[in-house]
Amino acid sequence: MTHHSRTPSSDPLAPASPERRRLLSAGVAALAGVAFPLAGCDPGPGSSAVNGSAAPAVLGEHTNTLAGAWVVVRSDNTVILRIPQAELGQGTFTGLSQILADELDVVWTDIRPEFYDPSYNLANNNVYVWTATLGSQGVSTLYEPARRAAAQIRMRLTQAAATRWGVAVNAVDAREGRLHHAASQRSVSYAEVAADAAKLPNPDLETVVLKRPEQFRYIGQSTPRLDLPSKVDGSAVFGIDIKLPGLKFAAIRQSPVFGGKLVSFDKTAIMGRPGVVDVVAVKGGKSGVNDLTPGWGVDFGMDDAVAVVADDWWTAKIALDALPVVWNDGAAASVDSAGLERRFLAALNAPLPKLHKPSRDDGDVAKALKGAAKLFQADYWVPFSEHAAMEPLNATALVDDRGVEVWVGSQMADEALRMAAHWAEVPVSKAKLHLVLSGGGFGRRCNSDFVCQAVQIAKALRGTPIKLLWTREETTRHSYYPPLTLTRLKAGLDARGRLVGWSANSIVGRAQDQSYGTSRLAHNIPAIRADYRTVETPPPFGWKRGVAFAQQTWMNQCFLDELAEAAKRDPLAFQLELLRPEDVPAGMEKRELQVARVTKQRAVLEEVARRADWAAPRKPGQGKGLSVHDMSYWPEFLSSAGAAVVEVTLGRDSLRVDRVTVVLDCGRVVNPDAARAQIEGGIAYALTDALYSEITLSKGRVVQSNFHDYPLLPLREMPQVEVHFMRSEGAPHGTGEYSVPLLIGSLLNAIRAAGGPRLRRLPISSQLTRT
């Protein structure tokens, strides 16, 4: 990361090797850069580099335009590319670097990606456009802005070279970090004209000429991941690795019951222990940030906690275990999972409130179901589940007279910065957040409770940097879980086995609006209605990989499969009949968008059936199941469409997932290998959710605590995976979350096809005795 003048001054991200540290220090001193200035702008430093090494300070000023915010050309002709996303293992550093490097036209080995600076982004009207790492929207949302930013810089460099040589700008060619004039055979590096280019105004975005696809050198290629070498050799720096002079360590325990309050603790019981520094009461409640990112920033607060600070973390943890603490458990102390399920079922059976409005209401569902030849109904259940990222939650904070400084892996770094400022009681202008690598996120690092806690502890020990590290038990038991969900699906078939009406009625726990999980079903059904209601539950809400689609798409797909079975139809043929573009109603609002959705879903479904040899004979105990969906939150949201076929072998008391075939139409694939890895990882994640994941409550307390009772999919259970991408010249769409919803529905349908039961609640591992 860029060196800064704050105390402490040594580099918290430097690799452990002393030899490498000296080499880096010598190299940094020799490098300067040009950042394309606009007078009067804050020259603040960049943030941490992906490999954990120190990036040089940048000479010149930042600009308040996209171009200067994204790109810095350095004197040795290397180029800093600033990445406004968290690197959680999904490969966004590499993908966005490919986009920027291609449009800028530089040599791949000359790029130096680093994290963006949230302070600079907030001070300059969100120049990075989209900084929240969620919803599979990083590359897809930033594809055009990143290209235009890099193209602006390339055009300024080209203009600077043309002016120097006195030639027409269209006679200068930018290629591989150099500018060429063919007629005179002159050539200069970007660095040689960078200072002149920095004096030029940015080209208007409307006049920027982007490269044609046939000119791409990096986009579309399986370029090796930029973050992998440092992760292999151990030099990569995650939040858990931060080191600062004088650093103290904090272990934390939160209210054992959600919503409980800290009454007291006996500090004297542990203060005599060697290495124990202090005990700090950590206040719960809202973050105090009222203007969170629209549609994403939901401030569900945090619980009271107590933290022990010590010279090392283990000393802090052991002392915390011995600390006498008194809690007021509050109203949730009587809550258990069985009681919650009864409440949900009672709410589902109760009449709809008079003022209730459905989230979707197309056609006359009541009439369609009344006139159907056969009626079907099924209830589906999803429990609480935890994200289970490998790196436990952590944050390092320093509060002193200059403000607050935080080192953290966050999926919403802008919000984390503002929350840090709130809890430090300083203006945002006096807050600094250094984004670092994260060992997984899956939505959990969208919430910044651990940042707020670290800042409170650091404020209590002013001038001392504090690293807060949660135990695995705290991470499991005090998460922001996706909501409990109970959905009743009803449908009617006519005498020919055609689907004529569909009703979805969902009861959902405390959550941001999750109604799109059922209401955005793309299939052409003459009458369809979706109702959505919430029931207050104790745990705070959080997004998890796949969001509401992971909770509800499998329900839709399993019920469709059940209807196909009842109609004695092949599930593939049954679904294809409902996905005909010509059947989209002519008078439908925004019909062209719906036609596009249906067309894409039909295409991927046909392709996955071909790839998986859907019609091939199956032996007894073997089954194939399929699913198709997209993650279209609203009509204008352009998303990928995917389909999957899962093949299983079912024994009397055993299940083996043999093969998973996925076809995805995600537009142009920036890095096929990275995208494929995202799908494969999502399949492992979905199998974990489907087979094992369940958080339960007893007397208001979470029962599960660690991987022994909240297991992950073991490597021996990972199936063979085949991933295929549809050819597309369209802009990229997301890939990271799509296989989670697809896998669960396909798996449960495959179990049924193999002779197993109809499974309507997760997890399924205890339900696999054959019927």
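This briefing describes selected local features of a predicted model, grouped by topic. The model is predicted, so local features need pLDDT of at least 70 and side-chain atom pairs count only at pLDDT 80 or more, while totals for chains, interfaces and linings use all residues. Residues are numbered from 1 along each chain as its sequence is written, and side-chain values use heavy atoms, with hydrogens and water left out.

- Buried here means under 20% relative accessible area, exposed means over 50%, and partly exposed lies in between (1.4 Å probe, protein chains only).
- Helices (H or I, at least four residues) and strands (E, at least two) are DSSP runs, numbered from the N terminus.
- E5 runs antiparallel to strand E6 (residues 178-181), and four bridges join them; two strands pair if DSSP finds at least two bridges between them.
- Asp173 has His180 in E6 as its bridge partner.
- Two residues lie between the strands of this hairpin, in which Glu176 takes a positive phi near 50°.

**Aromatic pairs**

- The structure holds 18 aromatic pairs; rings of Phe, Tyr and Trp (its six-membered ring) pair if their centres lie within 6.5 Å, and planes under 30 degrees apart count as stacked, over 60 as edge-to-face and the rest as tilted.
- The pair of Tyr516 and Phe549 is tilted because the ring planes stand at 50°, with the centres 5.0 Å apart.
- This pair links distant parts of the chain, 33 residues apart: Tyr516 belongs to helix H14 (residues 516-519) and Phe549 to helix H15 (residues 547-566).
- Tyr516 and Phe549 are both buried.
- Tyr633 and Trp634 also form a tilted pair, since their planes are at 40°, and their ring centres are 6.0 Å apart.
- Tyr633 counts as buried because its relative accessibility is 11%, whereas Trp634, with a relative accessible area of 41%, is partly exposed.
- One aromatic cluster is formed by Tyr516, Phe549, Tyr633, Trp634 and Phe637.

**Charges over rings**

- Arg618 places its charged end over the ring of Trp614, 4.8 Å from the ring's centre.
- Arg545 lies over the face of Tyr685, 5.7 Å from the ring centre.
- A charge sits over a ring if NZ of Lys or CZ of Arg is within 6 Å of the ring centre and within 35 degrees of the ring normal.

**Helix H12**

- Helix H12 (residues 449-460) has 12 residues and reaches 17 Å from its first C-alpha to its last, close to the expected 16 Å; the expected span is 1.5 Å times one less than the number of residues.
- Of the 12 residues in H12, 10 are buried, among them Phe450, Val451 and Ile457.
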